[in-house]
Amino acid sequence: MNGAVSRTAGCLAVVAALLALAPGAAAAQRASLTEIEKQVMCPVCGTLLQLAESPQAQREKAFIRGLIAQGRSEAQIKDALVAEYGEEVLALPQGSGFSLSAYLVPIVAFIVAAVALALGVLRWRRAGGGGDGPTTAAGPKGDDAERLDADLARYDL
Amino acid sequence: MAVLGVLALVGLLVYGLVSKGSSRIGVGEPAPSTPLPRLEGGGDASLSQYKGRWVLVNFWASWCIPCRQEAPALEEFQRHHPASEFTVLGIDTRDLTDDGREFVDRYGLSYPQLRDGNGGAAHDFGTTGVPENFLVDPSGKVRWVLAGPVDEQYLTEQVEPFLPQGKS
């Protein structure tokens with residue numbers, strides 16, 4: 001009996017907690033000009049909208065404010081901006097279609113460079129570069145060796 | 001393989017540099033005629049549809065103050081020339097659609113208007129701002145360029161002489 005009561009109380013506590021969090025979650029999803037400004041460009045200025053004060057930027061900000069007032073989400077507002085100014089208005093390329101190459105090319109380039117470096121090191125090691133320890137220089141031979149010995153003998157080392 | 005990778009990266013960099021830069025279309029060069037959506041009425045149109053006529057391509061935007069000053073002069077100039085021989089072709093660039101339409105209504109512009117939201121056409125013409133004007137002859141070649149606003153006197157003195165009546 002006590003177990004059932006405590007389970008019910010636990011469930012109620014969880015539901016209450018979720019209900020308490022719900023308004024916060026809704027607020028978190030609400031679009032804000034400050035956040036969107038960081039993610040879109042001023043097409044005329046070539047800078048983030050956040051940093052732009054040109055007449056075009058002012059109109060773009062007013063457009064965003066209007067959509068926020070209509071209750072549009074951040075994604076909907078960005079879609080509307082793309083419809084007006086094209087994909088160039090997004091500060092970061094979209095992760096689909098040709099724009100995906102903006103993310104893939106650096107990764108592929110890094111992998112290619114790493115593989116090329118590894119293959120280069122392998123080839124160098126197989127060729128004996130640095131793998132057989134230090135090489136000993138051949139000393140003088142014949143007459144040269146005798147002359148060297150004689151010269152060294154003159155010094156009291 | 002490594003060489004291929006390096007070449008691919010260099011190629012991408014070169015492509016990026018080339019595609020970013022643009023130079024203004026010069027006199028005697030063919031004018032770009034990429035289709036653009038109409039500002040009002042739906043559908044697309046391009047400069048090539050006006051072949052056989054003189055066309056004054058006018059890049060503008062509603063947020064551009066000099067564009068507001070030149071719009072009445074362009075409309076007046078258009079009214080004095082038969083549309084069968086000459087038209088102003090407005091290209092609203094890097095602008096909001098509603099703002100562009102409101103601009104057209106406010107100044108009572110009767111000549112055709114296209115929309116260049118992402119600035120692609122402005123880039124193809126090599127503009128550096130708005131307004132900019134390009135006079136295109138009936139064969140589609142640029143005959144006169146002005147990076148800046150026009151007024152009635154300028155249109156009469158610089159553009160009029162090119163047009164059929166001006167030559168007669």
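Is Cys67(B) buried or exposed?

Reply: The model is a predicted one, and the values below are to be read accordingly. Cys67(B) is buried, because its relative accessibility is 2%, below the 20% under which a residue counts as buried. Its disulfide partner is Cys64(B), with the two sulfur atoms 2.2 Å apart. Cys64(B) is likewise counted as buried, at a relative accessibility of 3%. The torsion about the S-S bond of this pair is about 90°, and the disulfide of Cys64(B) and Cys67(B) is therefore right-handed.

Over all chains the structure holds two disulfides. In chain A, Cys42(A) is joined to Cys45(A), with an S to S distance of 2.2 Å. This link between Cys42(A) and Cys45(A) is right-handed, with 55° about the S-S bond. As for accessibility, Cys42(A) is buried, its relative accessible area being 0%, whereas Cys45(A) has 31% and counts as partly exposed.

The contact between the chains can now be described. On the side of chain A, 15 residues are in contact with 14 residues of chain B. The two chains bury about 1300 Å² between them, and carbon and sulfur atoms give 69% of that area. In chain A, the residues that lose the most area to chain B are Arg59(A), Glu84(A) and Tyr85(A), which together account for 39% of what that side buries.

Glu84(A) also takes part in a salt bridge: its partner is Arg115(B), and the closest N and O atoms are 3.7 Å apart. Between chain A and chain B the count of salt bridges is two, and three residue pairs are in polar contact, both residues of each pair being at pLDDT 80 or more.

The elements of chain A that give two or more residues to the side touching chain B are helix H3 (55-69), helix H4 (74-85) and helix H5 (101-126). By class, that side of chain A comprises 10 nonpolar, two polar and three charged residues.

Conventions: Residues are numbered from 1 along each chain as its sequence is written. Chains are lettered from A and ligands numbered from 1 in the order in which they are written. This is a predicted model: local features need pLDDT of at least 70, side-chain atom pairs count only at pLDDT 80 or more; totals for chains, interfaces and linings use all residues. Side-chain values use heavy atoms; hydrogens and water are left out. A disulfide is a pair of cysteine sulfur atoms within 2.5 Å. Buried means under 20% relative accessible area, exposed over 50%, partly exposed in between (1.4 Å probe, protein chains only). Contact means heavy atoms within 4.5 Å. Buried area is the accessible area (1.4 Å probe) that two parts lose on being put together, summed over both. A salt bridge is a side-chain nitrogen of Lys or Arg within 4 Å of a carboxyl oxygen of Asp or Glu. A polar contact is a pair of N or O atoms within 3.5 Å; within protein, one must be able to donate a hydrogen and the other to accept it, and residues adjacent in sequence count only if both atoms are side-chain atoms. Helices (H or I, at least four residues) and strands (E, at least two) are DSSP runs, numbered from the N terminus. Ala, Val, Leu, Ile, Met, Phe, Trp, Tyr, Cys and Pro count as nonpolar, Asp, Glu, Lys and Arg as charged, and the others, Gly among them, as polar.
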